[in-house]
Amino acid sequence: MSRVIPLHPESGCSDAPVLRERGQREVFCGLTGIVWLHRKIQDAFFLVVGSRTCAHLLQSAAGVMIFAEPRFATAIIDERDLAGIADAQDEIDRVVGQLLSRRPEIKLLFLVGSCPSEVIKLDLAKAAQRLSQRLLLAPGPKVRVLSYSGSGIETTFTQGEDACLAALVPEMPVALLQNATPSLLIVGVLADVVEDQFIRLFAAMGLGPVQFFPPRRAGAMPAVGPATRMLLAQPFLADTARALEARGAQRLEAPFPLGAEGTERWLQAAADAFQVDPLRFEQAVAPARQRARHAVAVQRPRLAGKRIFFFPDSQLELPLARFLSRELGMVLTEVGTPYLHRAHLASELALLPVGTFLSEGQHVDQQLDRCRAQAPDLVVCGLGLANPLEAEGLTTKWAIELVFSPIQGFEQAGDLAELFARPLLRREKLAGAGPATALAA
Ligand code: SF4
């Protein structure tokens with residue numbers, strides 16, 4: 001029987017030094033999270049209170065929706081608001097009133113703060129509270145209004161999800177009894193297809209009850225309390241986890257469910273907490289794990305021995321680096337991350353190869369110098385750096401694509417590996433095609 005090997009706290013990079021940098025950063029802002037959050041919570045609406053820049057960012061990141069009315073919009077702060085001629089709180093009430101009369105299906109409305117709303121110190125929490133009180137008491141459909149910040153000041157783009165979910169935690173019902181049956185709460189947005197696969201695996205283990213946060217419907221908010229055991233599905237949920245812990249939930253320590261190994265260890269953490277019989281666990285995961293290992297092995301010849309450099313961007317960098325080094329044999333030249341949460345990433349750190357160069361934060365010029373000096377085969381970075389680096393002859397992978405794609409779980413492990421193999425293949429083809437064809441491509 002194949003069992004997960006226990007982690008040794010002294011191994012890997014648990015105590016490795018981390019280069020901390022503070023300087024110019026090249027990342028998207030937290031508004032980007034609306035792109036996947038609005039797909040997940042299907043009766044929620046995200047109203048950004050911001051500028052035309054914010055509206056353009058959202059529109060280009062989310063693409064144009066042809067078949068459905070989008071469930072996000074931007075209330076533009078204009079000159080009258082900036083000059084204090086219009087009362088911004090009255091303006092928000094007016095815009096929300098218009099929106100809800102046109103879209104009666106909305107059950108949960110997020111007022112999302114931006115750099116401009118923060119600069120003019122617009123109190124969206126106050127607006128949300130006032131509107132919620134009014135809309136929950138009014139006759140007709142009830143609408144809950146919440147607020148959070150997606151501002152790009154001092155944040156990276158995945159923090160938008162963290163801020164949104166942290167704002168949702170107070171809406172979760174109380175699971176009252178101290179001695180209630182433990183329940184498992186999976187925390188973090190997962191694509192529905194991935195969520196369904198995990199539901200089937202937990203059911204095959206006989207593990208339950210299992211709930212997911214955020215839920216697909218605002219009215220299906222899971223309860224939380226001292227009997228809640230939470231398993232983080234994403235590594236960028238520091239505030240959300242803190243808010244859930246304050247409600248009594250206990251976090252289960254595990255690596256993140258990326259790749260065959262990460263997924264197995266993540267499921268194992270839940271199985272251990274719920275005392276699932278080892279034989280039943282093995283029977284439940286073995287077929288999918290085998291498929292995952294096979295799919296990853298297909299990509300290994302293209303990736304093994306290749307040197308990879310991570311710029312800090314999505315906060316997925318450590319789990320991805322662990323997957324690429326342990327399951328695909330890639331060599332880690334530098335693993336940069338915007339924030340290194342040592343507690344949430346403890347298992348990931350323990351699994352990284354000894355001596356991995358870790359950096360936190362960014363000083364983009366210094367990091368670019370280190371990247372050029374390393375001349376890696378593949379660079380994972382934000383969109384702003386990708387084109388210039390490609391022009392210098394480096395091969396890049398957009399970090400944001402890894403957040404937009406379903407990559408968690410056994411069934412996605414092969415696709416995840418392929419996402420890294422594809423740019424190398426493209427580069428090979430271009431090199432083989434010669435300069436004329438390369439330009440045409
Ligand atoms: S929130 Fe700030 S960083 Fe994001 S699009 Fe708006 S102005 Fe730009």
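**Reading the model**

Guide: In strand 5, Tyr148 is the bridge partner of Val112. Keep in mind that this is a predicted model.

Visitor: Which strand is joined to strand 5, and how do the two run?

Guide: Strand 4 (residues 108-113) is joined to strand 5 by six bridges, and the two run parallel.

Visitor: Which way do the residues of strand 5 point?

Guide: In a regular strand, side chains alternate between the two faces of the sheet. Here Arg144, Leu146 and Tyr148 point one way from strand 5, while Val145, Ser147 and Ser149 point the other way.

Visitor: Are the residues of strand 5 buried or exposed?

Guide: Six of the six residues of strand 5 (residues 144-149) are buried, so the strand is largely enclosed by the rest of the structure. Across the protein, 46% of the 441 residues count as buried.

Visitor: Which residues are around the ligand?

Guide: Among them are Cys29, Leu31, Ser114, Cys115, Gly150, Ser151 and Gly152. Helix 2 (residues 52-62) gives the most to this shell, with three residues. By class, the shell has five nonpolar residues, seven polar and no charged.

Visitor: How does the radius of gyration fit a compact globule?

Guide: A compact globule of 441 residues would have a radius of gyration near 22 Å; the protein has 23 Å, which agrees. Along the principal axes, its C-alpha atoms fill a box of roughly 60 × 60 × 40 Å.

Visitor: How many helices and strands does the protein have?

Guide: The protein has 17 helices and 14 strands. Of the contacts with a separation of 6 or more, 76% are between residues 24 or more positions apart.

Key
Residues numbered from 1 in each chain as written. Predicted model: local features only at pLDDT ≥ 70, side-chain atom pairs only at ≥ 80, totals over all residues. Buried ≥ 20, exposed ≤ 12 C-beta atoms within 10 Å, placed from the backbone. Helix = DSSP H or I, 4+ residues; strand = E, 2+ residues; numbered from the N terminus. Pairing = 2+ DSSP bridges. Near = placed C-beta within 6 Å. Nonpolar A, V, L, I, M, F, W, Y, C, P; charged D, E, K, R; others polar. Rg over C-alpha atoms; globule rule 2.2 N^0.38 Å. Contact = placed C-beta atoms within 7 Å.
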